[in-house]
Amino acid sequence: MGNNQILMLGWEYPPHNSGGLGVACEGLTQALADGGTEICFTLPYEHPVDIDHMHVLSCYSRFVTLPFGKNSPPFQAYSTQASGTSKINFDPKNVRSMSFSELEYKVNAYANSILDAVRQEHIASDVIHAHDWMTYPAAQYLKKKLHKPFVAHVHSTEFDRVPTGNGNPFITHVEAEGLHNADRVIAVSELTKSVLMDKYGVAEDKIDVVHNGIDVAPKIQTLQFAQDRPVIVFMGRLTMQKGAEYFLQLAKKVLTRIPNALFVVAGHGDQYSMLLLENAKQKLSSSVIFAGFLRDQQKDFLLDRADVFVMPSISEPFGLVALEAVQRETPVIISKTSGVKEVLPGAIVFDFWDTDLMAESIEKLLRDPTYYEQVVDQQLASLGEVSWKKSAEKIKEVYQRILNRRK
Amino acid sequence: MPKVSLYFELHQPYRLAPYSIFEVGRNHEYFSTKSHDSNREVFTKVALKSYIPMLSLLLNLTKQYKEFVWAFSCSGIFLEQAETYVPEVLDLLQELLRTRQVEVLAETYYHSLASLYSSQEFFQQVDLHSKKIVEFFGVKPTVFRNTELIYSDAIASLVGEMGYTGILTEAVDRYLEGQKRTQLFSSYSAKRLPLMLKHSQLSDDIAFRFSDKSWVSYPLKAETYVHWLNEYQQNEIVNLFMDFETFGEHQWGETGIFDFFQHVVHQFIQYEWNQFVTPSQAMQLTDARKLPLYKVAEPISWADIDRDLSAWRDNELQHDTLRLIYELESQVKATNDKQLLHDWRKLQTSDHFYYMCVKWSADGDVHAYFSPYENPMDAYVRFTTVLADIQSRISQYQAKPSRVRSMKSLKKRAPEFIQY
């Protein structure tokens with residue numbers, strides 16, 4: 001089996017990432033490169049840091065101001081500007097006849113810049129591998145021009161980001177069009193696979209599930225802040241999808257039983273102001289503390305210090321951060337609607353809205369050291385099965401299958 | 001041909017330095033970091049632009065005219081900062097007090113809203129302030145002004161209990177009921193106290209409108225202003241109350257505000273029937289029972305268009321942080337920890353709650369001007385993170401063996417215990 005050359009279309013990459021997508025791209029490309037795959041990775045901005053394991057191609061037009069400027073990440077791709085549709089009736093022609101939106105313009109500008117850059121630098125490729133909807137127009141364009149197969153990798157859909165179903169119709173159409181025109185589709189979980197089948201009408205046999213992996217956690221010194229209080233942590237974008245509202249409800253319930261508990265909300269997003277006002281209204285001002293968006297060492301400090309990690313996402317395709325919490329020997333409570341539960345049989349799982357049961361569970365963990373250790377051990381045991389190397393092997397199989405079919 | 005009573009307020013809060021969740025329980029330094037003290041920075045800047053030039057100017061005028069008398073008050077935390085950062089400001093104030101033409105008024109030490117939440121805390125802060133004034137200036141204030149001129153019938157009762165002989169506050173049309181603001185009023189409280197009400201029109205002409213180029217009276221000349229004053233009758237009193245920083249900070253020196261003030265004083269004094277009076281001179285020998293009543297059921301203040309409490313106590317962020325800070329009173333006091341008590345009181349300073357205001361109007365600009373934060377949400381987040389640390393400090397004094405502990409803290413402490 002020869003080593004493949006992959007043209008990978010990205011949207012964000014650490015340190016300029018708004019969340020899981022960038023982290024997943026980093027873990028995945030590193031493991032693929034370790035296995036001999038040659039990757040050319042495109043980004044819609046100038047990447048400031050050298051990356052050894054692959055060739056990074058910065059693709060942005062001099063004539064277009066991208067949504068993020070040259071050096072900052074394209075956070076807007078994941079913001080929720082709800083308006084529109086609940087079930088998409090996909091018509092490939094319809095996408096092109098849509099009103100000319102800024103978003104569309106920018107996504108298309110990215111596609112053009114990639115083609116220019118690929119031609120200028122004579123980038124060879126066997127497969128085009130595109131991460132999430134922002135890169136799908138580019139992938140289809142390249143597929144047509146380069147006559148290469150296109151793999152659509154789904155880390156998140158508009159139905160996850162806007163769980164009411166009232167997502168942005170432009171985005172849902174771009175997603176649907178991309179999935180329709182892709183040769184293969186990779187979903188980050190069985191949960192996402194079912195969304196792709198139910199909501200986007202993708203055929204089951206076109207989808208491969210490849211769970212995310214995780215790197216070995218960097219060693220850090222424990223930071224013992226607030227040591228006299230049990231600390232319960234939420235970490236994620238403050239959008240409806242992530243269910244931070246339920247975290248506040250949960251806090252309120254736990255505090256009636258454990259008044260000295262300290263809840264920490266780490267993240268930013270469009271619900272920030274609303275959550276702060278709700279927090280004050282519920283009289284939680286010194287019990288639920290907002291820590292802002294944390295990265296790198298600060299993120300590790302918090303996950304390490306956490307006594308319990310809670311991820312009450314309404315719709316979470318994967319949920320990498322839960323694995324990072326497990327690595328720090330922190331018991332995690334996650335919602336049933338989280339892809340990560342598929343690789344974490346030891347996790348405590350509830351419905352995202354069931355804050356009564358979550359509160360009971362937190363109390364049991366904090367009052368029963370034996371149970372606490374048991375949960376930590378179970379979770380660490382499941383973690384042994386998860387690695388980026390495994391994910392990379394599965395992805396290489398996907399590449400091989402397409403290429404074999406083409407021969 | 002009226003009497004004019006000039007009163008200036010000197011105050012600087014202790015602004016919070018950046019403070020993160022990771023410092024809770026580990027760092028109790030809230031108002032500066034090791035490398036940076038924004039309070040020193042602000043105080044020094046304002047001292048150069050306003051305190052020193054204006055106090056020097058006032059000193060010259062006071063020495064020049066025996067008839068030029070006026071009043072000021074300053075928060076205790078202003079005096080602390082002056083002493084630490086720019087002692088020259090204190091020297092000037094002390095020299096002014098020695099002329100015996102300047103009156104200093106009473107207020108709360110921490111420029112707090114305690115009068116609305118806890119009478120005990122309010123009494124203690126006023127008492128602390130009074131002692132500080134005696135220590136620095138050798139006089140005991142007799143007339144009271146509350147934080148931001150906040151006033152109500154209930155507050156008047158509290159001030160009466162403390163033995164003060166008069167109060168300064170705002171003239172609010174909805175409570176004046178058509179009566180002239182240029183007279184003394186009586187509080188509506190068991191012990192009647194004389195009240196002096198701010199003339200907001202003439203005060204704000206200087207404090208807010210002076211440099212406003214879209215104002216019909218711009219540029220305001222001293223002659224015009226004195227002419228406006230002279231329109232009042234001899235038995236009337238015009239109370240010009242404003243922030244001291246009006247001179248040189250809110251209105252920069254370049255606007256001509258210093259010259260303007262100096263000329264107003266010169267020209268006003270030229271008319272021999274005109275008279276400057278201090279609050280205690282204006283109110284002495286008055287029988288408050290013979291004065292018209294100023295009934296104020298709901299608290300008023302001198303802030304914003306509404307002249308109410310909505311700058312500090314309007315939205316949920318403000319309500320809940322105020323609730324929390326005053327709920328801690330008995331616990332903080334039970335610790336007998338002086339540093340903790342002082343820190344808790346510095347967090348009561350009204351400015352912290354002002355920064356959390358989200359009112360959307362012309363007042364928003366004024367709020368933004370005074371706030372060190374980018375938005376009210378950041379002010380709330382920093383304040384509540386610090387409160388979490390205050391709670392940790394309190395809990396160290398409280399024996400509660402049944403309290404749920406942190407599993408991680410228990411676990412990670414274990415090796416240290418084994419070593420011993």
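**Helix crossing in chain A.** I looked up how helix 4 of chain A crosses helix 6 of chain A and found the crossing left-handed, a term that applies if the near helix is turned anticlockwise from the far one by less than a right angle. Helix 4 (residues 136-146) and helix 6 (residues 169-181) of chain A pack at an angle of about 35°, with their axes 9 Å apart; axes are lines fitted to C-alpha atoms over the stretch in contact, and angles run from 0 to 180 degrees between N-to-C directions. I take helices (H or I, at least four residues) and strands (E, at least two) as DSSP runs, numbered from the N terminus. The contact (C-beta atoms, placed from the backbone, within 7 Å) is made on helix 4 of chain A by A:Tyr136, A:Pro137, A:Ala139 and A:Gln140, and on helix 6 of chain A by A:Val174, A:Glu175, A:Glu177, A:Gly178 and A:Asn181.

**Basis.** I note that this is a predicted model, in which local features need pLDDT of at least 70 and side-chain atom pairs count only at pLDDT 80 or more, while totals for chains, interfaces and linings use all residues. Residues are numbered from 1 along each chain as its sequence is written, and chains are lettered from A and ligands numbered from 1 in the order in which they are written.

**Between the chains.** I found 31 residues of chain B in contact with 33 residues of chain A. On the chain B side, helix 12 (316-327), helix 17 (376-395) and helix 18 (407-419) each supply at least two residues, and the largest share, ten residues, comes from helix 17 of chain B.

Leaving aside neighbours within four places in sequence, A:Ala322 is in contact with A:Phe309, A:Met311, A:Val332, A:Ile334, A:Val340 and A:Leu344.

**Chain B overall.** I recorded 18 helices and twelve strands in chain B. The radius of gyration of chain B, taken over C-alpha atoms, is 23 Å, close to the 22 Å that the globule rule gives for 420 residues, so chain B is as compact as a globular protein of that length; the rule is 2.2 Å times the number of residues to the power 0.38. Buried residues make up 46% of the 420 residues in chain B.

Notes. Two residues are in contact if their C-beta atoms, placed from the backbone, lie within 7 Å. A residue is buried if 20 or more other C-beta atoms lie within 10 Å of its own, exposed if 12 or fewer, and partly exposed in between; C-beta atoms are placed from the backbone.
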